[in-house]
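Hi,

Here is the structure I promised to pass on.

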Amino acid sequence: MNKEIIETDVAVIGAGPGGIAAAVSAARQGVRVTLVERQGYLGGQLSSGLPFLAFFDTHQKRIVGGLAQEMVDCLAKLNFGTVGHRYCPHHLSTTSINQFYTRIICFQWIKECGIQLLMHCELSDAKVTNGRLQWVTATGKGMTFEIRAKVYIDGTGDGDLGYITGATYEKGHILQPPTLMFNLGGVNFKHFIDYIAAHPEELLYNVRPDTPSEYNADFFRDNPGHVFVGLNATVEKLREQGRCPIDRDTIIYIRLPIPDHVAVNSIRILNCDGSNIHDLSRAEMEGHLQIIPLIEMFRNYVPGFEDCYLTYIHPTIGVRESRRIMGIKKLSQGDVLSGIIPTDAVAIFSYFIDIHSGKEYTTYVK
């Protein structure tokens, strides 16, 4: 196998949201950056259809900026790119984005920054001497690239680089379930929201008693970038009839800036470890096989979705929980619940604790 040696200042392995942010931020500081990505696109789950959440705090003040805000600003310049930040009584705020434009913007950033890009390459090996990482190898198309850097950043999402170099990590006994995202077109939002207004039992109040009262049909009607969470009554009835194709009690969709389109966040694969190839392979297969039955359920039982049709399946399943590499410091449960902001904090965010059951169909861990 042919080998090429690459010397760089910063090597980023994985070009998901974190990897892109790390690579672009480093390059803008004037250092040489090499970015390795195993897919043929950039951004990872950024292009899944998921929205940005909680740019606002509880006072509706924007607290998130940086590259995330820059991405929204770039999208705002494009037709149907985003409807911008919108207050949400349940999520604090939502920012729906055109997932296809995000890929293009990421490529624009990489090119503008002069980042060396290695796509269709998988992390394959690493050399550690006396506790220090000497080089990593990435393999693709019959080539091996030996990358020697001053700084290495693990952007794999599963801590793959940390794992193969022997870093200490932890992993939950039961992991949160992964989800395969897909898009539907042809949604009649007026018809759907009129149905919700007439059937409040389909809202979250019976599932989460703390759901704000203003999270209702009027809110969905007035917000072109809303995230809907509900339809529990329909799902429960269909489950009793043996007609529910998913291991979930709640339907979630994101209204996209693309006309009449939603991204569906309702597939879940239980008892799955996304860092285990056997589990991950099963999840990709089962996730795809749930899509057609779920679309049929929408068309047959959900008003406003009678004429919906599939327009996109995200290329990779989204893993909620995986290896957690043990670093210098660890954010504890107490820190989160107390709202402590350390003096050396590098980022700030605002969102409720969101834990999905990995062993049963109930949506939220109580």
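Predicted model: local features only at pLDDT ≥ 70, side-chain atom pairs only at ≥ 80, totals over all residues.

Residues are numbered from 1 along each chain as its sequence is written, and side-chain values use heavy atoms, with hydrogens and water left out.

Let's start with strand E12, residues 227-230 (strands, E, are DSSP runs of at least two residues, numbered from the N terminus). Val 227 and Val 229 point one way, while Phe 228 and Gly 230 point the other way, and all are buried (under 20% relative accessible area, 1.4 Å probe, protein chains only). In a regular strand, side chains alternate between the two faces of the sheet. E12 pairs with strand E13 (251-255) in the antiparallel sense, over four bridges; two strands pair if DSSP finds at least two bridges between them. Phe 228 has Tyr 253 in E13 as its bridge partner.

Next, there is an open, antiparallel sheet of three strands in the order E3-E5-E4. E3 (52-53) and E4 (86-88) are at the edges with a single partner strand each, so one side of each has no neighbour in the sheet. E4 and E5 (92-95) are joined by three bridges, and Arg 86 sits opposite Thr 94 in E5.

Finally, Thr 137 lies in strand E8 (132-140). It counts as buried because its relative accessibility is 8%. Leaving aside neighbours within four places in sequence, its contacts (heavy atoms within 4.5 Å) include Glu 122, Asp 125 and Phe 145.

Cheers

Note on methods
Buried < 20%, exposed > 50% of the residue type's maximum accessible area, 1.4 Å probe, protein only.
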